[in-house]
Amino acid sequence: MLKLEKLKVGVICYPSLGGSGVVATELGKMMADRGHEMHYITSERPFRFLDAHPNIQFHEVKIDGYAVFKYPPYDIALANRIAHVIETEKLDLLHVHYAVPHAVSAALGKDMANSTIGVITTLHGTDVTILGHDPALRNTVRYGIHKSTITTTVSESLRQETLELIEPEKDLLTIYNFIDENKYRPVDAGKLKSELGIERHEKVIIHISNFRAVKRVPDIIESFRLVAKKANAKLLLVGDGPEKMAMEELVHDLGLQDNVIFTGKRDDLPELLAISNVMFLLSEKEAFGLVLLEAMACGVPSVATAIGGIPEVIEDSVNGFLVPLGDTALAAEKALQLLQDDKLYATFKENGFATVSDKFHSSTIVTQYEKLYYEVAGSQ
Ligand code: GMT
């Protein structure tokens with residue numbers, strides 16, 4: 001293994017979209033803290049680039065809208081920019097988050113630069129579990145895996161699903177997600193609860209997502225409706241996405257508008273979690289479920305569906321509850337149990353903190369990626 005003092009890494013990710021962008025940005029910050037030079041090659045400044053870091057640079061991908069193009073060729077523009085940055089910055093490797101189209105653009109960019117640098121592709125979930133069902137995209141993901149030096153998955157469940165669905169000729173490596181423990185921890189939320197119109201004695205159930213169909217937000221609302229019959233509670237729906245408007249209508253039709261608060265996209269997630277008692281994540285697909293880890297680190301136990309990578313994060317009846325997909329009655333029952341049994345709640349909360357530090361600690365996970373970075377940089 002070639003041990004380099006400091007690596008120069010090109011990072012390709014969706015800058016402001018969901019968990020993959022969060023992981024890509026947090027990983028980059030922590031690698032930069034370890035002295036590596038991180039070069040983000042993206043269409044816009046990643047949304048969690050809150051503070052400028054001397055070891056992080058941003059290379060914007062620009063697309064000219066020539067009239068000849070019906071669709072602006074983002075994949076080609078990205079490949080061009082990757083080639084340019086490989087050459088000008090003398091990168092040691094590329095780390096690609098989300099296979100489509102990033103893994104393909106990375107392969108093309110590398111070829112355009114006539115470079116032999118290594119490429120790590122991290123699969124995050126829907127790039128396989130949804131796109132992999134489209135025969136054309138399945139082949140695209142397969143091509144991306146074959147062109148990468150190594151491909152990682154964010155859970156063992158996603159690794160298995162990728163092997164079965166995509167049938168690559170290479171094995172895959174699981175490296176779990178992590179969170180920034182300095183940000184996600186129990187914090188003082190000040191007057192946030194009353195600012196959101198929630199009474200002191202009211203319990204709070206929280207759901208954070210991008211409001212896509214896979215998140216099954218109607219199941220969240222129905223589970224909450226059942227909880228609200230027996231407990232004084234409010235539901236916080238945090239985030240934005242294509243289903244949000246329909247969910248606002250559903251809440252109205254069910255007469256729950258006084259009990260359900262749509263906050264929109266927020267940056268103060270630790271504060272929102274500090275005023276919450278239980279998290280609901282009742283998705284039909286979830287490769288990992290980063291919000292579960294964020295909630296756990298803030299001391300909030302979850303009720304989540306036993307699907308995808310979720311059981312690798314939530315151990316049923318230990319640090320949260322798992323329920324079958326669509327079983328809203330059981331989700332409500334489990335949430336009520338947590339809201340009413342203080343001893344059980346305290347145990348789950350402590351077990352959650354232990355899970356975050358023992359299984360998903362950022363230093364452990366970042367070291368796994370760093371080791372891989374050195375291996376891949378040294379293998380070319
Ligand atoms: O949740 C989403 O739909 C967004 C998606 C993304 O690409 O950001 O999230 C995926 O990646 C996250 C980070 O690795 C995982 O925590 C999510 O479980 C995964 N989402 C799905 O598999 C649906």
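In what order do the six strands of the open sheet with parallel pairing run? The order is β10-β9-β8-β11-β12-β13. Its edge strands, each pairing on one side only, are β10 (260–264) and β13 (320–323).

This is a predicted model, in which local features need pLDDT of at least 70, side-chain atom pairs count only at pLDDT 80 or more, and totals for chains, interfaces and linings use all residues. Residues are numbered from 1 along each chain as its sequence is written, and side-chain values use heavy atoms, with hydrogens and water left out.

Helices (H or I, at least four residues) and strands (E, at least two) are DSSP runs, numbered from the N terminus. Two strands pair if DSSP finds at least two bridges between them.

Strands β8 (residues 203–208) and β9 (residues 233–238) run parallel and are joined by six bridges. His-207 has Leu-237 in β9 as its bridge partner. Helix α11 (residues 290–297) packs on this sheet and touches β8, β11 (278–281) and β12 (302–305). Contact means heavy atoms within 4.5 Å. The direction of α11 makes about 175° with that of β11; axes are lines fitted to C-alpha atoms, for helices over the stretch in contact, and angles run from 0 to 180 degrees between N-to-C directions.

**The seven-stranded sheet**

A further open sheet, of seven strands with parallel pairing, has the order β3-β2-β1-β4-β5-β6-β7. Here β3 (56–60) and β7 (173–174) are the edge strands. Five bridges join the parallel strands β4 (residues 93–97) and β5 (residues 118–123), and Leu-93 has Gly-118 as its bridge partner in β5. Helix α3 (residues 102–112) packs on the sheet, touching β1 (8–12), β4 and β5. Helix α6 (residues 156–166) also packs on the sheet, where it touches β5, β6 (150–153) and β7.

Helix α5 (residues 135–147) packs against α6 at an angle of about 115°, with the axes 10 Å apart. Arg-138, Val-141, Arg-142 and Ile-145 of α5 meet Thr-162, Leu-165 and Ile-166 of α6.

**The ligand**

The ligand is surrounded by 18 residues, each with a heavy atom within 4 Å of it. The closest are Gly-19, Ser-20, His-124, Asn-177 and Glu-286. The table gives polar contacts, that is, pairs of N or O atoms within 3.5 Å.

| Protein atom | Ligand atom | Distance |
|---|---|---|
| Glu-286, polar side-chain atom | oxygen | 2.8 Å |
| Ala-287, backbone N or O atom | oxygen | 2.9 Å |
| Gly-289, backbone N or O atom | oxygen | 3.0 Å |

Terms used:
A polar contact is a pair of N or O atoms within 3.5 Å; within protein, one must be able to donate a hydrogen and the other to accept it, and residues adjacent in sequence count only if both atoms are side-chain atoms.
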